[in-house]
Amino acid sequence: MTGQNLRVFDNRLLSALAPDDQRLLAPSLERVHLQLRQSLETAHQPIEFVFFLEAGLGSVVASKEGGATVEVGLFGRDGMTGTSLVQGDTESPFDCFVQMGGSALRISAGDLQGALAQSAPLTELLLHYARALGIQTTYTALANGQIKLEERLARWILMVHDRMEGDSFALTHEFLAMMLGVRRSGVTVALQILEAKHFIKSQRGEIRVNNTAMG
């Protein structure tokens, strides 16, 4: 992608940039395909690339004792990886991987840092997003500790739905259990509760949202 080839970005952060900032980033952006479970960041390791998602879903996860993980944040075309980099760090405290395959525009950490040094508006926008993701992480932690599993699941499904095209997406019970940090049997019961209320339809590893009023 070159500065002469500017177009409307599918990533909302990039599309919100002023033309000068789009031209600043464009020569360093590379479109890449994102595969399911692909690692985007590794906790406590230097950030090499930053990904602005155009399609698919990214998951920010924290590790618990014993190697188990729980999701603390998610993003799609509304967001990016590398928020620690934007805030002045070189490493993330969390792992980040692809939860649903898609595509992204990738930029090296060094190139993004150089662009941030040249543009205050770019820095302000990305810092604003980093703060928003931090707020999401805080409320996810609150939900994990304070509300029923079916309510946590409903919240999570709606957050995914907001970031995806269409009303259906592929998810297994095992994957949901890992994301929510609970047993698979608990996810099965929670899905049945939401389905009985006609909020969703769950079958063959797919969830369809019927009614967003469950939130």
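Biologist: Is phenylalanine 175 buried or exposed?
Modeller: This is a predicted model. The relative accessible area of phenylalanine 175 is 5%. Residues under 20% count as buried. So phenylalanine 175 is buried.

Biologist: Which residues of H7 are buried?
Modeller: H7 is largely enclosed by the rest of the structure, because 6 of its 8 residues are buried. Phe175 is one of them.

Biologist: Which residue takes a positive phi just after H7?
Modeller: The phi angle there is about 70°. The residue is glycine 181.

Biologist: What is the angle between the planes of phenylalanine 97 and phenylalanine 175?
Modeller: With ring centres required to lie within 6.5 Å, the count is 1 aromatic pair. Phenylalanine 97 and phenylalanine 175 form an aromatic pair, 6.4 Å centre to centre. Planes over 60 degrees apart count as edge-to-face. This pair is edge-to-face, with its planes at 90°.

Biologist: How many residues apart are phenylalanine 97 and phenylalanine 175?
Modeller: Phenylalanine 97 sits in strand S5 (residues 95–108), and phenylalanine 175 in helix H7 (residues 173–180). The pair therefore links distant parts of the chain.

Biologist: Is phenylalanine 97 buried or exposed?
Modeller: Its relative accessibility is 13%. The limit for burial is under 20%. So phenylalanine 97 is buried.

Biologist: Which residue lies over the face of phenylalanine 49?
Modeller: The distance from the ring centre is 4.1 Å. The residue is arginine 106.

Biologist: What arc do the buried residues of helix H4 cover?
Modeller: Helix H4 spans residues 109–118, and its buried residues are Ala109, Leu112, Ala115 and Leu116. They lie on the same side of H4, because the arc around the axis is only 125°.

Biologist: Which exposed residues does H4 carry on the face turned away from its buried side?
Modeller: Exposed residues are over 50% in relative accessible area. On that face of H4 they are Ala117 and Gln118.

Biologist: Which elements do the buried residues of H4 pack against?
Modeller: Both helices and strands take part. They are helix H2 (19–25), strand S3 (49–63), helix H3 (83–86), S5 and helix H5 (120–146).

Biologist: How many residues in the contact of H4 with H5 are nonpolar?
Modeller: The axes of H4 and H5 come within 5 Å and cross at roughly 115°. H4 contributes Leu112, Ala115, Leu116 and Gln118, while H5 brings Ala120, Leu122, Thr123 and Leu126. No charged residue takes part, 2 are polar, and the nonpolar count is 6.

Biologist: What is the phi of arginine 37?
Modeller: Arginine 37 is in the loop between strand S1 (30–34) and strand S2 (39–41). Its relative accessibility is 46%, so it is partly exposed. Arginine 37 is not a glycine, yet its phi is positive, about 70°.

Biologist: Where is histidine 198?
Modeller: Histidine 198 has a positive phi of about 65° without being a glycine. It is exposed, because its relative accessibility is 62%. Its place is in the loop between helix H8 (184–196) and strand S7 (200–203).

Biologist: Which residues does arginine 12 touch, not counting residues up to four places away in sequence?
Modeller: Arginine 12 is in helix H1 (residues 12–15). Its relative accessibility is 47%, so it is partly exposed. Not counting residues up to four places away in sequence, arginine 12 touches Arg77 and Asp78.

Notes. Residues are numbered from 1 along each chain as its sequence is written. This is a predicted model: local features need pLDDT of at least 70, side-chain atom pairs count only at pLDDT 80 or more; totals for chains, interfaces and linings use all residues. Side-chain values use heavy atoms; hydrogens and water are left out. Rings of Phe, Tyr and Trp (its six-membered ring) pair if their centres lie within 6.5 Å; planes under 30 degrees apart count as stacked, over 60 as edge-to-face and the rest as tilted. Helices (H or I, at least four residues) and strands (E, at least two) are DSSP runs, numbered from the N terminus. Buried means under 20% relative accessible area, exposed over 50%, partly exposed in between (1.4 Å probe, protein chains only). A charge sits over a ring if NZ of Lys or CZ of Arg is within 6 Å of the ring centre and within 35 degrees of the ring normal. The arc is that of the directions from the helix axis to the C-beta atoms. Contact means heavy atoms within 4.5 Å. Axes are lines fitted to C-alpha atoms, for helices over the stretch in contact, and angles run from 0 to 180 degrees between N-to-C directions. Ala, Val, Leu, Ile, Met, Phe, Trp, Tyr, Cys and Pro count as nonpolar, Asp, Glu, Lys and Arg as charged, and the others, Gly among them, as polar.
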